[in-house]
Amino acid sequence: MRTVLTVGLLSGLAGSAMLAQDTVLAYYFGTSSAVDAYQLAVSVPSLLVNVLAGGTLLAVLVPELTRLTHHQANNEVTNVIRYARRSVGGLLAASALAWPVLYSLLEQRSNVDLSAPHTLTIHLLWLITPILFFVGVTGIETAYLNSQKRFFNASIFPAFAPIGAILFTILFSKTLHIYATAIGTLCGSICLWLLGRHLTHRSLLQPYRDPQPAASKSVNRHYFLNVISSATLAGVILTDILLASSRPQGELSTYNYATRPVIFVIALLTVSIGNVILPTFSRLATSANKNELIHHFRRWLLIAAAISLLVLATWAPNCATVVSLLYERGAFHSSDAESVTAIQTVYLFQLPFYMAAVIGVRLLNSLRHNRTLALINLAAFFTNLAVDSWLLPSMGLRGIALGTVTAFAVWAIMVIGCSLRAARHPQPQHTIDT
């Protein structure tokens, strides 16, 4: 529990940089079309980082590296890290180059102007999409550090890109306008990548170079399943963003201002609890200790539920105050604050559902039930799409927020049910030759 609190504190300090970035954007640009352009440009690369790297790599590599460490296969650990850098790094680099081109083609051939009401988005994409590589590859280093229970180093990683965006916006916004924010985000992600490589390089062995390590087939299979799983869950957020971007000018930035603080708290709790318990669950799954695994699962489920309900009960009645403190200054007016508050009040209610599900997701990851998780996430995606489409015409942006809450409620129920069933029948993890 002490580790969770320490990681939570460090992650909170790092994650506060994300909120500070939004505060700075609101001060300098308000809800202008420039902010819409930036939010649209950064949304897909950020989602792709989570789909192709981020949470996907944690879910795949932490159980695998924990298993290898448990069997003292140190050479194999190093080879798996190098294999992941080559394969995933190549995929991320190709995606970073392809997405701006694909976006331009989609805009030209679509009857709907994807970048309306501005053409700035495409220009910003060329500055922002490289974060796919730099932040994404750092996910490999984060997975290794977490598998070794070195949570503290990885906890500060999320601060780099927002701090870069803040500094460049303050220093260069008068001359570079919104481009300053994009350049700062890129510079911060490069610094993050360099630090991650440095921390990992000091710990890894220098064994023979095996281009196809023994664990590669397992890594490939579970990586593919987790990409599908993460893509469908990210599709929930992407659907919300696309629907908000189809509304009148300024509504996309309004929606993002409302949801970002909630996403920040969810990310903070996920890192503090979900990432810390994954190595523990993986170790217990490796030894097939069913009773201890179920005990830890129920314990952390209660802790996550209690924390999230406390946050919800404290925050929900005070949404207007939170929004005013974060944003109401400069180009951000009181009318903008009212719109943001109405959306945020609804969006907050996903918190207990999401956090309960995170515990179940980590258990399923450790037990390698990634196919089950992919099917559950697909159900959540279609639930969100159906409810969003139903409520958007009558409720506007609040309807999108309510659709997300409904989708994550369905997701949580299914994840917890499947997790309990899987924990009662854990499969022993195979040993390997060292």
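A residue is called buried when its relative accessible area is under 20%, exposed when that area is over 50%, and partly exposed in between, using a 1.4 Å probe and protein chains only. The structure described here is a predicted model, in which local features need pLDDT of at least 70, side-chain atom pairs count only at pLDDT 80 or more, and totals for chains, interfaces and linings use all residues. Residues are numbered from 1 along each chain as its sequence is written, and side-chain values use heavy atoms, with hydrogens and water left out.

The chain has 434 residues, and 58% of them count as buried. Its secondary structure comprises 17 helices and 0 strands. These elements are DSSP runs numbered from the N terminus, with helices (H or I) of at least four residues and strands (E) of at least two. Contacts were also examined, a contact being heavy atoms within 4.5 Å. Among contacts between residues at least 6 apart in sequence, 85% join residues at least 24 apart.

Confidence is given by pLDDT, the predictor's score for each residue on a scale from 0 to 100. The mean pLDDT of the chain is 83. A value of 70 or more is reached by 87% of the residues. Over residues 111–117, pLDDT stays under 50. The model has 11 contacts beyond four places in sequence for residues 111–117. Residues 430–434 also have pLDDT below 50. For residues 430–434, the model has 11 contacts beyond near neighbours in sequence.

Several helix residues were placed relative to other parts of the chain. L68 sits in helix α3. L68 is buried, because its relative accessibility is 0%. V80 lies 12 residues from L68 in sequence, and the C-alpha atoms of the two are 9.8 Å apart. Helix α12 spans residues 290–315 and includes R298. R298 is partly exposed, at 45% relative accessibility. Leaving out residues up to four places away in sequence, R298 touches L420 and R424. From R298 to G360 the separation is 62 residues in sequence and 9.6 Å in space, C-alpha to C-alpha. L309 is also in helix α12. L309 counts as partly exposed, with a relative accessibility of 48%. P352 is 43 residues from L309 in sequence, while their C-alpha atoms are 5.9 Å apart.

Backbone angles were then considered. Most residues other than glycine have a negative phi. H177 is not a glycine, yet its phi is positive, at about 55°. H177 lies in the loop between α8 (160–176) and α9 (178–201). Its relative accessibility of 41% makes H177 partly exposed. R368 likewise has a positive phi, near 65°, in a residue other than glycine. The loop between α15 (351–366) and α16 (370–395) holds R368. R368 is buried, because its relative accessibility is 17%.

Rolling a probe the size of a water molecule over the atoms shows where empty space is left. A cavity is a set of points, on a 1 Å grid over the protein atoms alone, where a 1.4 Å probe fits but cannot get out. Lining residues have an atom within 4 Å of a point. Grid points are joined across faces, edges and corners, and a volume is the space filled by probe spheres set on the points. The count is 2 cavities of 30 Å³ or more. The second largest cavity has a volume of about 40 Å³. Its lining is formed by A59, V60, E64, S218, V219, H222, R368 and N370. Helices α3 (54–70) and α10 (216–245) are the elements that give two or more residues to this lining. By type, the lining residues divide into 3 nonpolar, 3 polar and 2 charged. Here Ala, Val, Leu, Ile, Met, Phe, Trp, Tyr, Cys and Pro count as nonpolar, Asp, Glu, Lys and Arg as charged, and the others, Gly among them, as polar.

Cysteine pairing was examined last. A disulfide is a pair of cysteine sulfur atoms within 2.5 Å. The count is 0 disulfides. The closest cysteine sulfur to that of C187 belongs to C191 and is 7.0 Å away, too far for a bond. C187 is partly exposed, with a relative accessible area of 30%. For C191, the closest cysteine sulfur is in turn that of C187. C191 is partly exposed as well, at 42% relative accessibility.

Notes. 1 Å grid on protein atoms, 1.4 Å probe; cavity = no way out; pocket = protein on both sides within 12 Å on 5 of 7 lines; lining within 4 Å.
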